[in-house]
Amino acid sequence: MSPRTGRPPKMGKSKNISLQLRITEDTSNKLCELADYMNLSRTEVIEKGIDLLYEQVNK
């Protein structure tokens with residue numbers, strides 16, 4: 001019997017940190033609209049936004 005079962009993590013990285021935040025309805029609508037337009041999950045949109053800001057700060 002294999003020690004691990006289930007779906008392997010995307011891109012080889014396990015997402016083991018949970019984050020809960022409160023946002024306005026307007027921000028939520030923008031997030032959902034972006035996710036639908038880009039065909040990504042809301043989490044992926046947030047991660048891409050963080051990556052973009054991080055790159056700008058570290059130039």
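Predicted model: local features only at pLDDT ≥ 70, side-chain atom pairs only at ≥ 80, totals over all residues.
Me: What makes up the secondary structure of the protein chain?
Reply: The protein chain has 2 helices and 0 strands. Helix H1 covers 25–38 and helix H2 covers 42–57.

Me: How do you know how the radius of gyration of the protein chain stands against that of a compact globule?
Reply: A compact globule of 59 residues would have a radius of gyration near 10 Å, whereas the protein chain has 15 Å. The spans of the C-alpha trace along its principal axes are about 50 × 30 × 25 Å.

Me: Why is Leu-31 called buried?
Reply: The term buried applies under 20% relative accessible area. Leu-31 has a relative accessible area of 14%, so it is buried. Leu-31 is placed in helix H1. From Leu-31 to Ile-46 the separation is 15 residues in sequence and 8.1 Å in space, C-alpha to C-alpha.

Me: Why is Gln-20 called exposed?
Reply: Exposed means over 50% relative accessible area. Gln-20 has 77% relative accessibility, and therefore counts as exposed. Gln-20 belongs to the segment before H1. Gln-20 and Val-57 lie 37 residues apart in sequence, with 24 Å between them in space, C-alpha to C-alpha.

Me: What makes the phi angle of Asn-39 worth noting, and where is Asn-39 placed?
Reply: Phi of Asn-39 is near 55 degrees, which is a positive value in a residue other than glycine. Asn-39 is in the loop between H1 and H2. With 70% relative accessibility set against the cut-off of over 50%, Asn-39 counts as exposed.

Me: How many salt bridges does a search of the whole structure find?
Reply: The search finds 2 salt bridges. Side chains of opposite charge can pair when their charged atoms come close.

Me: Why is the pair of Lys-15 and Glu-47 called a salt bridge?
Reply: The criterion asks for a side-chain nitrogen of Lys or Arg within 4 Å of a carboxyl oxygen of Asp or Glu. In Lys-15 and Glu-47 the closest N and O atoms are 3.4 Å apart, and the pair forms a salt bridge. Between their C-alpha atoms the distance is 12 Å.

Me: What does the pair of Lys-15 and Glu-47 tie together?
Reply: Lys-15 lies in the segment before H1 and Glu-47 in helix H2, so the pair ties together parts that are 32 residues apart in sequence.

Me: What is the volume of the largest pocket, and which residues lie nearest its centre?
Reply: The volume of the largest pocket is about 910 Å³. Its lining has 22 residues, of which Lys-15, Thr-43, Glu-44, Ile-46 and Glu-47 lie nearest the centre.

Me: Which elements give two or more residues to the lining of the largest pocket, and which gives the most?
Reply: Helix H1 and helix H2 are the elements that give two or more residues to this lining. H2 gives the most, with 8 residues.

Me: How do the residues of the lining of the largest pocket divide by type?
Reply: The lining comprises 9 nonpolar, 5 polar and 8 charged residues.

Terms used:
Residues numbered from 1 in each chain as written. Heavy atoms only, no water. 1 Å grid on protein atoms, 1.4 Å probe; cavity = no way out; pocket = protein on both sides within 12 Å on 5 of 7 lines; lining within 4 Å. Points joined across faces, edges and corners; volume = space filled by probe spheres on them. Helix = DSSP H or I, 4+ residues; strand = E, 2+ residues; numbered from the N terminus. Nonpolar A, V, L, I, M, F, W, Y, C, P; charged D, E, K, R; others polar. Buried < 20%, exposed > 50% of the residue type's maximum accessible area, 1.4 Å probe, protein only. Rg over C-alpha atoms; globule rule 2.2 N^0.38 Å.
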